[in-house]
There are 2 protein chains.
Amino acid sequence: MALIVHKYGGTSMGSPERIRNVAKRVAKWARAGHQMVVVPSAMSGETNRLLGLASELAPSSAKTSYYRELDMLAATGEQASSALLAIALQAEGMDAISYAGWQVPVRTDSAFTKARIESIDDVRVRKDLDAGRVVIITGFQGIDPEGHVTTLGRGGSDTSAVAVAAAMKADECLIYTDVDGVYTTDPRVVPAAKRLGTVSFEEMLEMASLGSKVLQIRSVEFAGKYKVPMRVLSSFTPWDIDLAEEAKSGTLITFEEDEKMEKAVVSGIAFNRGEAKISVLGVPDTPGIAAGILGPVADANIEVDVIIQNISKDGKTDFSFTVNQGDYQRALELLRDKVAPALGASEVVGNTNIAKVSIVGIGMRSHVGVASTMFRALSQEGVNIQMISTSEIKTSVVIDEKYLELAVRALHTAFGLDKSE
Amino acid sequence: MALIVHKYGGTSMGSPERIRNVAKRVAKWARAGHQMVVVPSAMSGETNRLLGLASELAPSSAKTSYYRELDMLAATGEQASSALLAIALQAEGMDAISYAGWQVPVRTDSAFTKARIESIDDVRVRKDLDAGRVVIITGFQGIDPEGHVTTLGRGGSDTSAVAVAAAMKADECLIYTDVDGVYTTDPRVVPAAKRLGTVSFEEMLEMASLGSKVLQIRSVEFAGKYKVPMRVLSSFTPWDIDLAEEAKSGTLITFEEDEKMEKAVVSGIAFNRGEAKISVLGVPDTPGIAAGILGPVADANIEVDVIIQNISKDGKTDFSFTVNQGDYQRALELLRDKVAPALGASEVVGNTNIAKVSIVGIGMRSHVGVASTMFRALSQEGVNIQMISTSEIKTSVVIDEKYLELAVRALHTAFGLDKSE
């Protein structure tokens, strides 16, 4: 008998019929003797419906009191879907109970709409499990020290599930979603992309942060911190498939670096279209220039990703970095109006037509020449590299957006990911 | 400066546009210097939508665990509408905060789907009011001693509002609804029906229990117990009408019996189509016969309203009573299958085509002949009376349902309620 956490996304909970399928699947696991905790998202479309009502009433505001109310509003979506799942499980003959985040409680900080989980009390839940109940805990939400409802941000239900699994010391956290695992890259871009049977936690973390949307990055961080074995699998297999088969399906995110994993130098190709590049040209090359540019950007709460500084020429240098496209206009204005004049820079230019492509692989630690294989493959296709950023287990390049698909396919082939297993 | 509680029904909260109007109205009161607490219902249709999803998933069940989940589900409707109202008030420039029942907390017993409020903590709300905030408290819901979410049953938001007003010692509780007050009878039946400027708490209690649907009876009981001045008024007047005019509109439910009120012997005519009559015929007339019949009925959790026992003839008597139509079939079967054979009754007959018509008036205490005026008026119209029930301030008769409108109109005229004020 194991303690298992299931997480179901909004699509999996999208209709009464689908909720009934989730209930049947969970009941199958419970009847096999497992203690079950289930973390559902809101029914698909519900969070958007609620926030849409809010935006009809008021323009968005920067006030904390406004974000507090958005969280009160959005949190109702998961409370409703959780209660519905409990009702569906009861109809399957299971004893089931649902808890909102505040009832567990799932304690968070007070950063409304993007709160972080601080602790989860397992006493109440364990008592129910020991009494033979399936326990349903709302994803996406918690309660802050002052008793206000908080939400964790989009995709936060993944994090809720992993945090619950960590707090309960669960044997495995299964993330049921509308894809059947983690792929070597997006199959819509590379049809030859293959599902990975296992992926290391560190690779998953890089992939999530590099733009792979399978898992919310904070859920992977949480899994890493608390060593929660985590599996991504499909909620669209028939609910009554053999449990042993289901338990091995999808992709396992693991903490052990087994032999098989060492063989693949690069496990996957991630990409991100959502960034934009800004260059500050002709800056006097003096100490503190990076801080002089990026300090004001950070103060404006704008996150910076790839950063490069050109070699100096005539005592002047060019400084480039990427930001999320949502922050692009604001960053550009800040630099043009305030930063460049203060530093004596000659010009600030920007470009939103860029894409970031990354190779990720834990094998890169022990293999040399991986980056040069990457650069050669891109060069052979005539793809110009604008920026480069590396870490121990990934190398990212920024390229012209129009070459994105070409680059991803070339790299997928170059690192042998096309071959059948 | 007064402390005022406003309650808005589901129709008043039915769309973003209507919520905005509620916000403008509340802001007007707050700007006039009043401390404001607002208790909204769920947006109209929302509770039905949620419970509809539940009924798609499972047949209704008698289990406590099922009712618990229905409450978790239904309570989300008011949490969402309360957050939306807070957002709308903030957009009007007001400082506003919404609380779910558990946050106040509004403490109730554990009778899921029909819980009773036991106490309301005013500390948190008062702190917000003193800080100049408009406080919104979800109607319809609370938290039980074990931390489960409870709801108060349909129309429970009225009770929430009055209970909040009582706990806060509010100066007045204004129930905004889709009618503009309490009428001498239903204007759809008697077009000459007139709005009452004031009505005594005791009369209102009788009217609510006799079928007038303007207020939930428990809200009136609560108002009576804690002497909360309560006003029923329309939410469909323009939000910017003069506040002094608005504050005097609708119907005030009062605890002082002023001169004017003494003048009207009968204040209103209430009626109810929702009951059914059951007669147990030919019962041996021995002591304990009423208990022998009504005991098993009460044990089956069926509420009995009007009761009469005929005079005995040849040692046998007939025993009749009314129940809600929803309980009729169950009561009939119970009596036919179990009770009648045990008591040696000759027959059990039932009739759903009945209606109860009542005259209500605090003046009936000090006037004689009121009941006989009622009987004469009905007799003149050829309406046969099947059952009679009286209390200090009302007289009810059960008649054939087809005479209902005729009877109500005749009584409205007979007691001088048609005359212009």
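1. In this predicted model, A:Lys213 sits in the loop of chain A that runs between helix 6 (201–209) and helix 7 (217–226). Its relative accessibility is 77%, so A:Lys213 counts as exposed, the cut-off for that being over 50%.

2. A:Lys213 is also one of the positions under the UniProt annotation "binding site", which comes from an unreviewed entry. The annotation covers A:Lys7, A:Tyr8, A:Gly9, A:Gly10, A:Thr177, A:Asp178, A:Tyr183, A:Arg188, A:Lys213 and A:Val214. These residues span 208 residues of sequence and are spread in space as well, with C-alpha atoms up to 24.7 Å apart.

3. A:Lys7, another lysine in the annotation, belongs to strand 1 (residues 3–8) of chain A. Its relative accessible area is 8%; A:Lys7 is therefore buried, as the value is under 20%.

4. What does the side chain of A:Lys7 make a polar contact with? The partner is the side chain of A:Asp158, at 2.9 Å. Leaving aside residues up to four places away in sequence, A:Lys7 touches A:Asp158 along with A:Val39, A:Ser41, A:Ser157, A:Ala161, A:Leu174, A:Ile175 and A:Tyr176.

5. In chain B, helix 6 (residues 201–209) and helix 7 (residues 217–226) pack with their axes 9 Å apart and at an angle of about 160 degrees. Because angles over 145 degrees count as roughly antiparallel, that is how helix 6 and helix 7 of chain B are classed. Their crossing is left-handed. On the helix 6 side of chain B, the contact involves B:Phe201, B:Met204, B:Leu205, B:Ala208 and B:Ser209; helix 7 of chain B contributes B:Ile217, B:Val220, B:Glu221 and B:Gly224.

How values were computed:
Residues are numbered from 1 along each chain as its sequence is written. Chains are lettered from A and ligands numbered from 1 in the order in which they are written. This is a predicted model: local features need pLDDT of at least 70, side-chain atom pairs count only at pLDDT 80 or more; totals for chains, interfaces and linings use all residues. Side-chain values use heavy atoms; hydrogens and water are left out. UniProt positions are given in the numbering used here, feature names are shortened, and annotations may be inferred rather than shown by experiment. Helices (H or I, at least four residues) and strands (E, at least two) are DSSP runs, numbered from the N terminus. Buried means under 20% relative accessible area, exposed over 50%, partly exposed in between (1.4 Å probe, protein chains only). Contact means heavy atoms within 4.5 Å. A polar contact is a pair of N or O atoms within 3.5 Å; within protein, one must be able to donate a hydrogen and the other to accept it, and residues adjacent in sequence count only if both atoms are side-chain atoms. Axes are lines fitted to C-alpha atoms, for helices over the stretch in contact, and angles run from 0 to 180 degrees between N-to-C directions. Angles under 35 degrees count as roughly parallel, over 145 as roughly antiparallel, 65 to 115 as roughly perpendicular and the rest as oblique. A crossing is left-handed if the near helix is turned anticlockwise from the far one by less than a right angle, and right-handed if clockwise.
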